[in-house]
Amino acid sequence: MAKRLTSLDLINKCDAFPDPVKDPKGYAARLQSLYTLVWEDAAGAVPIGYMPRSVFETLLKTPVSVKGELDFNAAKGTVTLFHQPETEPERTKLVANLTDYWRQKGTFRILKGWRDELWPVYDRRGNVLFSMERSAMGLFGTMRYGVHLTAFVRQKGDDSEHDMRIWVPKRSTMKTTYPGMLDNTVAGGLMTDEDPFECMIREADEEASLPEDVVRNHAKHVGTVTYIYITDERSGGEDGLIYPECQWVYDLELPADQSVTPEPKDGEVESFSLCTVEEIQEQLAQGRWKPNCALVMLDFFVRHGILTRENDPNYDEIRRRVHREMPFPGPHQALR
């Protein structure tokens with residue numbers, strides 16, 4: 001029988017990269033398996049990503065005409081890449097040349113999920129250094145940004161002690177990433193120059209058929225969550241890739257009479273279920289939720305007084321871990 005997961009187990013599965021303060025030995029050991037991608041500016045070097053050594057070794061074998069100039073310091077475990085072009089569009093083109101070269105050669109499984117979506121990588125001043133194909137981000141371990149929305153209704157019943165039911169989608173079994181797992185009502189990645197709120201509205205339509213006027217007028221931005229995930233066999237690519245992520249989080253209360261309900265639209269979702277808090281708690285304990293979506297749901301439970309210091313001994317650590325300090329620059333720093 002599979003072990004039942006506690007709230008802290010769920011956090012550990014998502015925010016899996018060792019904390020340099022809480023676990024310095026684990027942190028040092030993990031860094032030994034990586035190269036830190038750095039960016040040089042007038043203030044010195046700033047880290048922008050964690051690259052697995054397997055990716056670094058592939059870089060060494062890739063022609064300079066494809067990857068551009070590569071500088072590295074084996075003793076420090078640092079790599080400088082994409083730094084020769086002077087403008088952001090030129091750097092973005094160089095990144096595209098490299099990642100598409102690997103895709104054409106079938107070098108990394110993760111690139112089979114190519115989406116033709118460009119995601120940003122930032123410098124320490126908040127400027128976009130370059131944009132990269134979404135599916136390639138994990139190869140370089142750069143910051144990833146997205147939006148998550150939880151839709152719920154106020155509804156009291158004899159089968160729950162809470163006056164709330166939450167719309168929970170089941171991911172399509174045909175998806176290459178986390179097929180058949182449970183998810184937040186709406187979730188999606190933030191493309192370069194895309195506003196988080198507008199991204200959320202777009203995703204709410206594409207994934208859940210939610211009317212724009214309802215979402216625009218009633219969705220509430222309630223903060224962000226940050227964590228560093230490490231991929232496993234369910235992620236649709238290589239194991240052990242580093243995903244530092246920041247998600248803008250939204251709540252949306254829908255009518256209790258179910259005059260507005262989420263419905264599958266683009267094939268990403270198989271179905272939606274209106275679940276009690278207790279049903280979701282059981283699903284979480286069984287490990288049925290996509291890891292980062294489980295973290296977002298726990299954050300929802302904290303904000304709505306469902307998960308408290310009185311009913312969970314790890315309450316304070318959970319609150320801290322869903323707002324982890326990130327090692328790389330980007331707009332998340334201004335949100336702390």
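This note walks through the structure, from its overall form to single residues.

1. **Basis.** This is a predicted model, in which local features need pLDDT of at least 70 and side-chain atom pairs count only at pLDDT 80 or more, while totals for chains, interfaces and linings use all residues. Residues are numbered from 1 along each chain as its sequence is written, and side-chain values use heavy atoms, with hydrogens and water left out.

2. **Secondary structure and size.** The protein has eleven helices and twelve strands. These elements are DSSP runs numbered from the N terminus: helices are H or I with at least four residues, strands are E with at least two. The radius of gyration is 20 Å, close to the 20 Å that the globule rule gives for 336 residues, so the protein is as compact as a globular protein of that length. That radius is taken over C-alpha atoms, and the rule is 2.2 Å times the number of residues to the power 0.38. Along the principal axes, the C-alpha trace spans about 65 × 40 × 40 Å.

3. **Burial and surface.** Of the 336 residues, 54% are buried. Buried means under 20% relative accessible area, exposed over 50%, and partly exposed in between (1.4 Å probe, protein chains only). The protein exposes about 15400 Å², and carbon and sulfur atoms supply 47% of that area. Accessible areas come from the Shrake-Rupley method with a 1.4 Å probe; for residues, only the protein chains shown count as cover.

4. **Contacts along the chain.** Take the contacts between residues at least 6 apart in sequence: 65% of them join residues at least 24 apart. Contact means heavy atoms within 4.5 Å.

5. **Charge.** There are 41 positive and 53 negative side chains. The centres of the two sets lie 6 Å apart. Lys and Arg count as positive, Asp and Glu as negative; His and the chain ends are not counted. Each charge is placed at NZ of Lys, CZ of Arg, CG of Asp or CD of Glu.

6. **Cysteines.** How many disulfides does a search of the whole structure find? It finds zero. A disulfide here is a pair of cysteine sulfur atoms within 2.5 Å. For Cys275, the nearest cysteine sulfur is that of Cys293, 14 Å away. Cys275 is buried, at 5% relative accessibility. The sulfur of Cys293 has its closest cysteine sulfur in Cys14, at 8.7 Å, which is too far for a bond. Cys293 is also buried, with a relative accessible area of 0%.

7. **Ile280 in helix 9.** Ile280 sits in helix 9, residues 277-285. Is Ile280 buried or exposed? At 0% relative accessibility, Ile280 counts as buried. Beyond its neighbours within four places in sequence, Ile280 is in contact with Ile166, Val168, Cys275, Trp289, Met297 and Phe301. Val168 is 112 residues away along the chain, yet the C-alpha atoms of Ile280 and Val168 are separated by 8.5 Å.

8. **Phe328 after helix 11.** Phe328 lies in the segment after helix 11 (315-321). At 1% relative accessibility, Phe328 is buried. Leaving aside neighbours within four places in sequence, its contacts include Pro47, Ile48, Gly49, Tyr50 and Pro244.

9. **Two positive phi values.** Phe82 has phi near 65°, a positive value in a residue other than glycine. Phe82 is in the loop between strand 4 (78-81) and helix 5 (88-105), and is buried, with a relative accessible area of 1%. Gln258 is not a glycine either, and has a positive phi of about 60°. The loop holding Gln258 runs between strand 11 (242-253) and strand 12 (269-276). Gln258 is partly exposed, at 38% relative accessibility.

10. **Leu274 in strand 12.** Leu274 lies in strand 12. Gly106 is 168 residues from Leu274 along the chain, and their C-alpha atoms are separated by 41 Å.

11. **Asn127 in a loop.** Asn127 lies between strand 5 (118-122) and strand 6 (128-133). Asn127 counts as partly exposed, at 40% relative accessibility. Leaving aside neighbours within four places in sequence, Asn127 is in contact with Val121 and Tyr122. Asn127 and Pro331 are 204 residues apart along the chain, with their C-alpha atoms separated by 9.2 Å.
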